[in-house]
2 protein chains.
Amino acid sequence: MAFREVYEKFVDLHYQPGKDELLCSFYIEPMRGEKIARAAGAVAAESSVGTWTDVPGLKMAHVSRIAATCFEIDGNWIKVAYPADNFEAGSIPQVYSAIAGNIFGMKAVDNIRLMDVQWPAWFVKSFSGPQFGISGVRKFMKIKKRPILACVPKPKVGMTSQEHAEIGYQIWTGGLDLLKDDENLTSQPFNRFDERVKLCMRQRARAEKETGERKACLLNITAPGAEMRRRAKLVADAGNEYVMVDIMTVGWSALQEMRDVCQELHLALYAHRAFHAAFTRNKRHGVSMLMIAETARLIGVDNIHIGTAIGKLAGDKPEVLSIHEHISKQKVTENKKLHLLSEDWCGLKPVISTSSGGLHPGIVPRIMHMLGNDCAIQVGGGVHGHPGGSMKGAMAFRQAVDADVEGISLAEYAKKHAELAQALETWGYLHTK
Amino acid sequence: MAFREVYEKFVDLHYQPGKDELLCSFYIEPMRGEKIARAAGAVAAESSVGTWTDVPGLKMAHVSRIAATCFEIDGNWIKVAYPADNFEAGSIPQVYSAIAGNIFGMKAVDNIRLMDVQWPAWFVKSFSGPQFGISGVRKFMKIKKRPILACVPKPKVGMTSQEHAEIGYQIWTGGLDLLKDDENLTSQPFNRFDERVKLCMRQRARAEKETGERKACLLNITAPGAEMRRRAKLVADAGNEYVMVDIMTVGWSALQEMRDVCQELHLALYAHRAFHAAFTRNKRHGVSMLMIAETARLIGVDNIHIGTAIGKLAGDKPEVLSIHEHISKQKVTENKKLHLLSEDWCGLKPVISTSSGGLHPGIVPRIMHMLGNDCAIQVGGGVHGHPGGSMKGAMAFRQAVDADVEGISLAEYAKKHAELAQALETWGYLHTK
């Protein structure tokens, strides 16, 4: 039996997946001369029981029961169902090694993109999900209605711990909530982690006293496993409420462990996604950002960056909105246009969508119009580039948010708020309609 | 000052990088209407001190000292130098968050690929590298001259622990060294990890007694952090010498920690690369497989899959050979054709290249002609698909290797070795020239 005939055994367009099966939506481009059905069968084979030559093992009782089945083909889009036994409960690395492993290098396809997964209930329930979610963060930050506001120092790397903490004081007293480390700032010689924690906590105490508001730091603990756990402990001992992790460069195993450590230490977990675009940007190959965000919800991060939805790239907005929907709702319906599957999160808390990248006060109403109040907005240059400096930039940003929450246009609000007026003059004003 | 003018400040084609700087070779495609020099400057900026608006911070003394510089532009290829302070010694997640982080999503480029890094000596020396390397593995496996031979059961997933261990007995007594778990087999209900370890060790003892040779298992411990460490301990306690990890789906942080755990437990570390092709396959975007293999050497895996170099894809062979060179030699010279940088590994042991994917006995001479004897060869269908079954398939494979080491052609050797003759009839014979 030739391998091509075997591959076709993995396709059954009349197949009805059982409720315990994991479903995947893939975009595929068969290699030259290959039919879509055979390529689809090759994907189902290689990501489950696998083979390139004869498969005498398919006679084995259990092997035939766990072979995956392609049950839908729609142009270049296919859906594949995987019996439950393909996966280990509670293990993200294992599920990725199956459905997002060798198939990316298969010769049967020139391109293949994993677009979405419908996680079966037994699998969802094997994870804890976010510890805090939006309601938990609102509670410890004492923020009732508006989005959570984070700010990264600019330039992103190079300031000493002292300079960094002083920027914190400015943006906190200007009205922002979270001072965020940049993704490539961890513990370099000019700004050691332990020193930064100490100095930031000192400035935070000062800012909290002056403003009467709660303030916190997103301290980037990204490091090899044991050292990352030490840094988390240090942050908790210093009295801060949040840690930040570069989830893609740290990887799934350490992130899963860190979720448990954060629970023990009562720390919220802020996810930065640096590296994701190495495999999410090409719309024909790799893995979608939606998949990464859904995986982060299973594991249980409290925030994740999802993009701005304001960018110039085509398709940005529907993609960002679908990610926001999938990580914030309890039940999500199928989206046939984007080839996204339905989802039931079985009570796992929502992840807070963080909008970031090129934001300034004039964009705030547009962001809030799209994401609502239950989100986080992260800004950098759009605060520090303010003509009056970082503190006035922070004031302008907070004014824009407060205006929108109160239902007042920025133009109107700016009449009585000089910092916002200056910001709108500097960067312009993007109306919501 | 507009951001575009700022970006050009990050380019200096007369710049001579210092010996402590980390150098990167990137392929970039500027966005429509953008000049290569400005796009190159944007890459250098975003991966070091970063900005999208004015950078008053560049006046800060230290920030200007750590800004990266693009010092070479050759068509679409650029080289960027990063001052040492951009990086944290001993941290792979941090260096990736800098040089392989946000730049993949930058609008200034439509595509960007990180091709190679020249790691400065201070950075190389902050890692331990492989614990065993080829000489260490030869010693504990008692294999003098020939390549190490590994075999994965087929079908890859679905057999019970019992069936899996019995396949082990067959391929071990047939003459192979290592029984390898597949990348998506960890601890599913039908084949629990702890049970598999126990049963495989029993079959190994039997096979060692009958053959008088050393045998071992590549047990896939891939799991969330703490559970992965528990499994490693279990493997060591059972007396096995190797563990396997899906390094991409586990991630860098946990892999770095596992390297230390393996040292404590005297375990060799076998790296599977499932997921890599999500970002290595597209030659214009993402990260090269060479980068992944070099990173694995810094961290210290003992084996890594590098491909077959026999495939039909253009460019396969030079790429695979360059990976083999970079992970096995102590000093590597610049390769201008492939845009690869020179390297000095400062005494870190070599990683064993594992050739795998669609191999059978008839391909063995070609593989050994390219990679030499100091490699590992991993086979699956090319053993189990043998007309005589897995044990005879293993015999045929070992015969092919022994023949090549002795300098005898397979055709000649097959005259007195029926299993090899059958294999050559089944799959053919790929001559070395």
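How many residue pairs are in polar contact between chain B and chain A? The count is 40, with both residues of each pair at pLDDT 80 or more; a polar contact is a pair of N or O atoms within 3.5 Å, where within protein one must be able to donate a hydrogen and the other to accept it, and residues adjacent in sequence count only if both atoms are side-chain atoms. The model is predicted, so local features need pLDDT of at least 70 and side-chain atom pairs count only at pLDDT 80 or more, whereas totals for chains, interfaces and linings use all residues. Residues are numbered from 1 along each chain as its sequence is written, chains are lettered from A in the order in which they are written, and side-chain values use heavy atoms, with hydrogens and water left out.

Between chain B and chain A there are also four salt bridges, a salt bridge being a side-chain nitrogen of Lys or Arg within 4 Å of a carboxyl oxygen of Asp or Glu. Arg231(B) and Glu88(A) form a salt bridge through their side chains, at 2.6 Å from N to O. The side of chain B that touches chain A consists of 34 nonpolar, 33 polar and 14 charged residues. In this division Ala, Val, Leu, Ile, Met, Phe, Trp, Tyr, Cys and Pro are nonpolar, Asp, Glu, Lys and Arg are charged, and the others, Gly among them, are polar.

Contact (heavy atoms within 4.5 Å) involves 81 residues of chain B and 81 residues of chain A. The two chains bury about 6400 Å² between them, and carbon and sulfur atoms give 57% of this area. Buried area is the accessible area (1.4 Å probe) that two parts lose on being put together, summed over both.

Chain B is superposed on chain A by a rotation of 180° with 0.0 Å of shift along the axis, and the RMSD is 0.0 Å. This is the relation of a two-fold axis. The superposition is by least squares on the C-alpha atoms of residues with pLDDT of at least 70 in both copies. Gly251(B) is the residue of chain B that comes closest to the rotation axis, with its C-alpha at 1.8 Å. Of the interface residues of chain B, 100% are also interface residues in chain A, so the copies meet through the same surface.

Within chain A, the domain assignment gives domain 1 (2-124) and domain 2 (133-427); such bounds come from an automatic or database assignment. Their contact takes 27 residues from domain 1 and 32 residues from domain 2. The area buried between these domains of chain A is about 2500 Å², with 57% from carbon and sulfur atoms. Two salt bridges cross this interface. Glu334(A) and Lys79(A) meet in a salt bridge of 3.2 Å, N to O.
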